[in-house]
Amino acid sequence: MNKVLMSGNFVIGEAAIRAGCRFYAGYPITPQNELTEYMAEHIRNAEGGVFIQSESEIAAINMIAGASAAGIRVMTSSSSPGISLKQEGISSMAACELPGIIVNIMRGGPGLGNIRPSQGDYFQATRGGGHGDYRTIVLAPASGQELADLTMDAFDLADKYRTPVMILADGMMGQMMEPVIFKKPKPRHYNEKFMLRGAGDGKSKFIRGLLLDPIDSEEHNWKLFRKYEIIKKNEPRFEEHRIADAEAVIVAYGTAARIAKGAIKRLREHNLKLGLFRPISLWPFPEMQLRSLAAQVKKFIVFEMSTGQMLEDVRLALQGYADVEFHGRPGGAVPTPAELANVISKICDKRD
Amino acid sequence: MIIKTFFSGFGGQGVLMMGISLANSAMNKGYHVTYLPAYGAEMRGGTANCTVAIGDEEIASPVSSEPDYLIVMNSPSLFTFQNKITSDGTIFLNSSIINDRPKRQDVKVVCVPCADIALELGNSRVANIIMMGAFIKVSDIVTSEIYLKCLETIMGSRKKALAEINRKAFAAGYDYVKA
């Protein structure tokens, strides 16, 4: 397969269709419109592919929940305000153990905010923005290639754990073009007993999120909890960049990590030994992996395009074993690598 | 080596197209590349700009602090972005409609009257490709063969007439400037 130059939104769409996504519902919102547009154009070329431009974001999430219950690989996408609307549906999918992919191409918030790239939805994504004791797997790609790979992986994870998976990127990832090679998707493993396609001669199947008996409901919650514990153990993903001789480490994800890499390159030319720790899965957060770095590095600088959300997870992971500093640009502002390098060098100069 | 180029102008001048065509040709030459458009609630006549980073190593940041090349297709872009370019960088400007010149003394300036040349060629819409002809010759990032082949692929095979006028426009810009 040749390299192709595609915008991030298109890459997600193409990767999803290749991974076997056959039902997409979505409602337009900038900066993810091109993904909806791509699905409208291309999913029908795949056998059984269905595209629906729904009447609202809420309708879209419930449509994919329905198609997922019928055993189809499903996806919906939106940007920050639209994702807020989907939260009830996501909670419901988690409760009903329905696999499905929710793409959030984040923009500036809160409220309608603006349409510039931002990372203000970290809490909403990683804590589960809906009600109840649930978690969603959250993957944060930082390049065109990763958008392709993680989209395909997201479908496998969703099936494997029967849970909604969120792809958390931002407007810059969605709009930027990079060369991409699409990998061959793995064959799907999803037990037919979870698909509502008529009972046939067997026992009737049902999927529900309403459990009136508190003891049943408690047991269901513990069952979900045990599943999340397994995910926490098996699925943390991260990248380490120029860590070996680093005296301070920047922690950043997605677009922010790309800018941080640029800043690191500049600072290393001035003999500041910096590295990058980039969580790829935001939930499960690569907690132990980051903590083990504290044996070697005593200064961590969290950089986010928000006022400091992942910062909390970094503090929890480091448990006071190292100093944690923070720099943030919320609300849709994107710093240049030069600006970030300035800030970081000031932080490093600061005497303890 | 990482080379960052910043294209800017009015929406409708083909500013994003210039970036996409450069990014595609650099990819075909085997370089790492990123193309980052500024998107917004803009329309024809609004502002448009994009950043293309090209490198023989992994490109850390697609955002550019100080681009090496700045292409300006209209006056507002010149005022807004001339301070962005790195020292010793090159500014390409559409001298048909930009009467001012950069205030900075530490940059090279290449003036291409691309709107006028385009009118001579009989199609005002190819001004951007004329500018690309000048840019490809001076920057020498990719050869004109690679660029033109890429441009044809992007424009699609259905538009044969376009390929011809684009070729002419590219040659006009290429011949206008000294390497």
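Visitor: What does contact mean here?

Guide: Contact means heavy atoms within 4.5 Å. Keep in mind that this is a predicted model.

Visitor: How do I put a size on an interface?

Guide: The size of an interface is often given as the accessible area lost when the parts come together. Between chain A and chain B, about 1,900 Å² is buried. Carbon and sulfur atoms give 65% of that area.

Visitor: What about charged and polar links between the chains?

Guide: Two salt bridges are counted between chain A and chain B. Find Arg266(A) and Glu66(B): their side chains meet in a salt bridge, at 3.2 Å from N to O.

Visitor: Now inside chain A. How is chain A divided?

Guide: Into domain 1 (4–193 + 209–234) and domain 2 (239–349). Note that domain 1 is written as two stretches. The domain centres, taken over C-alpha atoms, are 27 Å apart.

Visitor: How do I read the interface between these domains?

Guide: In chain A, 34 residues of domain 1 are in contact with 25 residues of domain 2. The two domains bury about 2,400 Å² between them, 55% of it on carbon and sulfur atoms. On the domain 1 side, Gln119(A), Tyr122(A) and Phe123(A) lose the most area to domain 2. Together they make up 29% of what that side buries.

Visitor: How many salt bridges cross the interface of domain 1 and domain 2 of chain A?

Guide: Three. There are also 16 residue pairs in polar contact, both residues at pLDDT 80 or more. On the domain 1 side, α5(A) gives the largest share of the touching residues, four of them.

Visitor: Where should I look for the nonpolar core?

Guide: The largest one has 107 residues. Met75(A), Leu290(A) and Phe300(A) have the most contacts inside this core. Helix α6 (residues 144–161) of chain A provides the largest share, nine residues. Domain 1 and domain 2 of chain A each provide at least three residues. A second, separate core has 45 residues, including Leu5(A) and Ile117(B).

Visitor: What does Phe300(A) touch?

Guide: Leave out residues up to four places away in sequence. Phe300(A) then touches Val249(A), Leu290(A) and Leu318(A), among others.

Visitor: Is Arg291(A) buried or exposed?

Guide: Arg291(A) counts as buried because its relative accessibility is 18%, and the cut-off for buried is under 20%. Arg291(A) lies in helix α10 (residues 287–293) of chain A. Beyond its neighbours within four places in sequence, Arg291(A) is in contact with residues including Leu316(A), Gln319(A) and Tyr321(A).

Technical notes. Residues are numbered from 1 along each chain as its sequence is written. Chains are lettered from A and ligands numbered from 1 in the order in which they are written. This is a predicted model: local features need pLDDT of at least 70, side-chain atom pairs count only at pLDDT 80 or more; totals for chains, interfaces and linings use all residues. Side-chain values use heavy atoms; hydrogens and water are left out. A nonpolar core is a set of buried Ala, Val, Leu, Ile, Met, Phe, Trp, Tyr and Cys residues joined through side-chain atoms within 4.5 Å. Buried means under 20% relative accessible area, exposed over 50%, partly exposed in between (1.4 Å probe, protein chains only). Helices (H or I, at least four residues) and strands (E, at least two) are DSSP runs, numbered from the N terminus. Domain bounds come from an automatic or database domain assignment. Buried area is the accessible area (1.4 Å probe) that two parts lose on being put together, summed over both. A salt bridge is a side-chain nitrogen of Lys or Arg within 4 Å of a carboxyl oxygen of Asp or Glu. A polar contact is a pair of N or O atoms within 3.5 Å; within protein, one must be able to donate a hydrogen and the other to accept it, and residues adjacent in sequence count only if both atoms are side-chain atoms.
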